[in-house]
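Student: I have a protein model open and would like to learn how to read it. Could you take me through some features, one at a time?

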Amino acid sequence: MQKIIILDFGSQTTQLIGRRVREMDTFCEILPYNKFPFGDPDVIGVILSGSPLSVYASDAFRPDLTGILGHYPVLGICYGAQYLSWSHGGRVEPVGTREYGRAALSVLDKDCPLFKGFEPNSQIWMSHGDSITAIPQGWRKVASTESVEFAAFECAFDGSSKAWGVQFHPEVVHTLQGKLLLENFVVGICGSRREWTSDSFIESTVAELKAQLGEDKVVLGLSGGVDSSVAAVLLNKAIGSRLTCIFVDHGLLRKNEFRDVMRDYQGLGLNVVGVDASARFYSDLAGVTDPEQKRKIIGGDFIKVFDEEASKIQDVKWLAQGTIYPDRIESMNITGKVIKSHHNVGGLPKTMQLQLCEPLKWLFKDEVRAVGRRLGIPDHLIGRHPFPGPGLAVRIMDDVTPEKIGILQEADAIFINALREWKLYDKIWQAGVILLQDRSVGVMGDERTFESAVALRAVTSVDAMTADWADLPYPFLQKVSNDIINKVKGVNRVCYDISSKPPATIEWL
Ligand code: XMP
């Protein structure tokens, strides 16, 4: 299958470039800036991403682009454009104040294929602290803005393919014709046949799974989430009852979730073993307040329970997982800091002697959903908000007890059901309730109360890397607050979290 290679120089928007290319029904791979797959016959074009670094800094990423330039069409974005220019004798300098925000683009060369169909003064989005102040001799300036002379350039090399550089970000929505620019590159210039679709993915993946698995038996951990559910249905289509799914109830799920999801899975014809292991998780979590410790215990217990159940099935050869592409992208982590460790609870039994099967490993989340819909998975399963593997344990600020889980389940059910009733659920990336550690004074009837406070959290996001608090209507918040305080015993105060990520994170722990 044809593919575009995106070389990652560490920009926050590299994955977004990938998603935009996929939206054009074109397969792409995001690889570290120096890992170009020379010799891969499917590559039809290359995109160089942005970066937080400066090309002239001592720690800048400066790969050798020989063998790429002239051989494939290349598009450099921001740092990618600056590096192209700088490494061929152009000048890149700091601009003093960072150029950030909207600008109007004047396309000077109306025949440039990258800007085919562009409106005059099309809005673009700039975000850079350096600027190209001179391009190499023989290169052509094709677009400018009021403050950036070389907003876009075109250059030719020995060989049949040209390269282009743009100092703005076509991948972000604020560049209003950014999709058109990327389409001009991917389809118009690189010649994508647009063959990457849900149907083609399902067809080729089912065929590959049949060939790979033969008559072997496969075990898969279901979490109730979208990824593992879609992986299970895809595998079921390929190998039917030779797939056994295990759904572990760690007691930290939402209210009635285990029962409801089991019913959905059975409706999909999956062969599912449901295991209620909540007592074991509660007992191991007793008294533990440290969030990372909670995650470790939950991850460890999950392996044990899964292992015990899987070993009851004879002759299993494969462990299937719902790993998706963003989980695997070996991106440039410039800071190298871990903010919090994310256990994919469904994916930990490494001690088992099984081969790994990951049918969704090339898909972004929106593609997983599209494939799920084509496979006939009901919308309420496909459209579910993400939910952390360690469940409600990371929404309780101190130690986990069955009583606190009960309080949280009730409050969470009121919030989530209200979001659905008010038709807000699908507008939100993720929502949940956090049980705070401290209690506060209240008054109910004539009685003084001294009970828990909960925080409602609802965010909008495209990929959970950044998120904004959702601007929920006041009457909605008022209703949810009233319902929680009146109906959930043990809660007398409701707050709404108005922190964005960064600097906060989506979960509190
Ligand atoms: P944060 O809190 O880092 O969360 O902004 C980003 C996304 O990841 C989810 N999350 C987790 N998922 N195990 C998971 O499987 C975890 O330990 C975990 N912690 C956070 C979170 O719900 C959000 O969607």
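Student: How far apart along helix 2 are Tyr79 and Tyr83?

Tutor: This is a predicted model, so keep that in mind as we go. Tyr79 and Tyr83 are four residues apart in helix 2 (residues 79–86), which means about one helical turn separates them. Tyr79 is buried, and Tyr83 is buried too.

Student: How do I describe a pair of rings?

Tutor: For two aromatic rings, you give the distance of the centres and the angle of the planes. Searching the whole structure turns up 23 aromatic pairs. In the pair Tyr79 and Tyr83, the ring centres are 6.3 Å apart and the planes are at 10°, so this pair is stacked.

Student: And what is the arrangement of Phe247 and Phe258?

Tutor: That pair is tilted, because the planes are at 45°, with the ring centres 5.0 Å apart. Phe247 belongs to strand 11 (residues 243–249) and Phe258 to helix 6 (residues 257–267), so the pair ties together parts eleven residues apart in sequence. Are these two buried or exposed? Both Phe247 and Phe258 are buried.

Student: Which residues do ring pairs link into a cluster?

Tutor: The cluster consists of Phe27, Trp196, Phe201, Tyr325, Trp362 and Phe364. Look at Trp362 again: Arg328 lies over its face, 4.7 Å from the ring centre. Likewise, Arg420 sits over the face of Tyr425, at 3.9 Å from the ring centre.

Student: Is Glu367 buried or exposed?

Tutor: Glu367 counts as buried because its relative accessibility is 12%, and the cut-off for buried is under 20%. You will find Glu367 in helix 10 (residues 365–374). Leaving out residues up to four places away in sequence, Glu367 touches Arg22, Trp196 and Trp362.

Student: How is the chain divided into domains?

Tutor: The domain assignment gives domain 1 (3–189), domain 2 (198–382) and domain 3 (400–496). The C-alpha centres of domain 1 and domain 2 are 37 Å apart, and 18 residues of domain 1 are in contact with twelve of domain 2.

How values were computed
Residues are numbered from 1 along each chain as its sequence is written. This is a predicted model: local features need pLDDT of at least 70, side-chain atom pairs count only at pLDDT 80 or more; totals for chains, interfaces and linings use all residues. Side-chain values use heavy atoms; hydrogens and water are left out. Helices (H or I, at least four residues) and strands (E, at least two) are DSSP runs, numbered from the N terminus. Buried means under 20% relative accessible area, exposed over 50%, partly exposed in between (1.4 Å probe, protein chains only). Contact means heavy atoms within 4.5 Å. Rings of Phe, Tyr and Trp (its six-membered ring) pair if their centres lie within 6.5 Å; planes under 30 degrees apart count as stacked, over 60 as edge-to-face and the rest as tilted. A charge sits over a ring if NZ of Lys or CZ of Arg is within 6 Å of the ring centre and within 35 degrees of the ring normal. Domain bounds come from an automatic or database domain assignment.
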